[in-house]
Amino acid sequence: MKIVLQRVQNASVTVGGEAVGEIGKGLLLFLGVGEGDTKEITKKMIEKIYKLRIFEDDNGKTNLSCADVGAEVLLISQFTLYANCKKGNRPSFIEAAKPDKANELYEYAAELCGERFSKTQTGVFGADMKVSLLNDGPFTIALSSDELI
């Protein structure tokens, strides 16, 4: 599993010109599911993100977690995180999970986020989405289950 997280002041997603998700202060999560991913891996990744101390305290140091600041989450499916660009000029996505499996784990991640974060919004799996954000920092982290699990 690969997740790119961005600390945001706000973020939103539209599909077909219609707003489907919007958050204030929190995290925009782009989630890519790989062939070998499981619910156990998904749970560990979401727990890791929830506990990351990436928000500033009163002294301007990144000492506060999502729980400490009541962070909101916008979760977006993003199979392109599994792009392999080693050969040629056209990316290969062979390492990305098949849509049924990817959607199952995406929905599970959304459920886990809903249990932990103060507000959870999602995009639409497999849709052409337009994502807007105001990055806070900017503060962006790329996480891979290969490195965490």
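Let's start with Cys-85, which counts as exposed at 53% relative accessibility (exposed means over 50% relative accessible area, buried under 20%, partly exposed in between, with a 1.4 Å probe and protein chains only). Cys-66, by contrast, is buried, with a relative accessible area of 2%. A search of the whole structure turns up zero disulfides, a disulfide being a pair of cysteine sulfur atoms within 2.5 Å. For Cys-66, the closest cysteine sulfur is that of Cys-113, 9.1 Å away, which is too far for a bond.

A word on what you are looking at: this is a predicted model, in which local features need pLDDT of at least 70 and side-chain atom pairs count only at pLDDT 80 or more, while totals for chains, interfaces and linings use all residues. Residues are numbered from 1 along each chain as its sequence is written, and side-chain values use heavy atoms, with hydrogens and water left out.

The buried residues of α3 include Leu-105, Tyr-106, Leu-112 and Cys-113. They pack against β3 (26-32), α1 (39-51), β6 (72-77) and β7 (119-122).

How many residues of β6 are buried? Six of the six are, so β6 is largely enclosed by the rest of the structure. Both of its faces are covered, with Glu-72, Leu-74 and Ile-76 on one side and Val-73, Leu-75 and Ser-77 on the other. β6 runs parallel to β3, joined by six bridges, and parallel to β7, joined by four; strands pair if DSSP finds at least two bridges between them. Ile-76 of β6 is the bridge partner of Phe-30, while Glu-72 has Lys-119 in β7 as its partner.

Now for the interior. In soluble globular proteins, nonpolar side chains tend to be buried together.

Note on methods
Helices (H or I, at least four residues) and strands (E, at least two) are DSSP runs, numbered from the N terminus. Contact means heavy atoms within 4.5 Å.
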